[in-house]
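Subject: The structure we talked about

Hi,

Here is the structure I promised to hand over.

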Amino acid sequence: MNYYLVIPAHNEEEFIAQTLESLVSQTLLPKKVVIVNDNSTDRTAEIVLAFAKENPFITLVEKKSSAIHLPGSKVIQAFQKGFETLDEDYDVILKLDADLIFPANYFETITKHFNSDPTIGMVGGFCYIEKNGDWVLENLTDKDHIRGALKAYRKETFKQIGGLKPQMGWDTVDELLCKFYNWKIVTDESLHVKHLKPTGANYNKTARYKQGEAFYTLGYGFWITAIASAKLSFMKKRPLLFFDYINGFLKAKSEKKPLMVNTEQAKFIRNYRLKKMKEKLF
């Protein structure tokens, strides 16, 4: 299987060498690694070029964008810029963050999953963060969800879901559309990936409203949004975020923001979410 990796990077000089070191040390090497240097003002590009010199499958792409960190849109626009430089000769495409350390068998293991069943559309490991000297599971989502930091898609799946949407919620809608098109999603608990910079470290008030907007554009409807908002704010141990999420949802609804999905997909998503919620209650 041919693996192509796209890694958006903005001011990642502190971490990116560790990420690239873990990629070039894989038991199964990726065929191509594209790092998209998104308006960095530090040594990110210099570090990437040093690795590219030793490893010809690594390339650097430059992108100019604003320095404002809006979750979803900025990172996926950078991903898209890198993806456009690639040819079609891949079996699996990955979108990775630039602050991860992968176990040496990561790609070999996810290859085994993809090869084991042609209906598997996505595979991923689990992110761990450092707390008091220990690496602990970054517990922001359910065990059956692949974190946005390390998404791997079968080529056919990636094309069928329409690639990645450049807005917040992209890393939820991809999996919901996978299920809509009957692809399986596999998470492997044996794959512990070190996440050096915890999720959401740079998010501001605007970004928090964006989460509620994402729930709206996913087609959730009010009650599913309310339950999802309560759960997420509880998991983040910041109960007041609930109100930011609801305000973001209501604002998006009043502005009639376009959904990320069509009517049929939105209906499927609502039914699927309700089914999952009922399973957890009973």
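This is a predicted model: local features need pLDDT of at least 70, side-chain atom pairs count only at pLDDT 80 or more; totals for chains, interfaces and linings use all residues.

Let's start on the outside: Trp-223 counts as exposed because its relative accessibility is 66%, and the cut-off for that word is over 50%. You'll find Trp-223 in helix H8, which runs over residues 222-235.

H9 covers residues 241-254, so to speak a stretch of 14 residues, and its first and last C-alpha are 20 Å apart, close to the 20 Å expected at 1.5 Å a residue. Which residues of H9 are buried? They are Leu-241, Asp-244, Tyr-245, Ile-246, Gly-248, Phe-249 and Ala-252. Just after H9, have a look at Lys-256, where phi is positive, at about 50 degrees.

Now for the charged pairs. How many salt bridges does the structure hold? There are 18, and here are a few to click on.

- Asp-38 and Lys-74: their side chains meet in a salt bridge at 3.3 Å, N to O. This pair links distant parts of the chain, with Asp-38 in strand S2 (residues 32-38) and Lys-74 in helix H3 (residues 73-83), 36 residues apart. Both Asp-38 and Lys-74 are buried.
- Lys-95 and Asp-97: here the N to O distance of the salt bridge is 2.6 Å. Lys-95 is classed as buried because its relative accessible area is 2%, and buried means under 20%.
- Glu-108 and Lys-112: this salt bridge has an N to O distance of 3.7 Å. Both residues sit in helix H4 (residues 106-116), four residues apart, which is about one turn of the helix. Is Lys-112 buried or exposed? Lys-112 is exposed, because its relative accessible area is 53%. Glu-108, with 31%, is partly exposed. Elsewhere, salt bridges that share partners join Glu-88, Lys-155 and Lys-159 into one network.

Next, go to Lys-197, in the loop between strand S9 (184-195) and helix H7 (205-217). With a relative accessible area of 25%, Lys-197 is partly exposed. How far apart are Lys-197 and Asp-99 in sequence and in space? They are 98 residues apart in sequence, yet their C-alpha atoms are 6.4 Å apart in space. The side chain of Lys-197 also makes a polar contact, at 3.0 Å, with the side chain of Glu-12.

Why is Thr-44 called buried? Because its relative accessible area is 0%, and the word applies under 20%. Apart from neighbours within four places in sequence, Thr-44 is in contact with Ala-9, Asn-11, Glu-12, Glu-13, Ile-16 and Asn-37. For one of these, Glu-13, you can pick out the atoms: its backbone nitrogen lies 3.4 Å from a polar atom of the Thr-44 side chain.

That's my tour. Write back with whatever you'd like to go through together.

Cheers

Definitions and conventions
Residues are numbered from 1 along each chain as its sequence is written. Side-chain values use heavy atoms; hydrogens and water are left out. Buried means under 20% relative accessible area, exposed over 50%, partly exposed in between (1.4 Å probe, protein chains only). A polar contact is a pair of N or O atoms within 3.5 Å; within protein, one must be able to donate a hydrogen and the other to accept it, and residues adjacent in sequence count only if both atoms are side-chain atoms. Contact means heavy atoms within 4.5 Å. Helices (H or I, at least four residues) and strands (E, at least two) are DSSP runs, numbered from the N terminus. The expected span of a helix is 1.5 Å times one less than its number of residues. A salt bridge is a side-chain nitrogen of Lys or Arg within 4 Å of a carboxyl oxygen of Asp or Glu.
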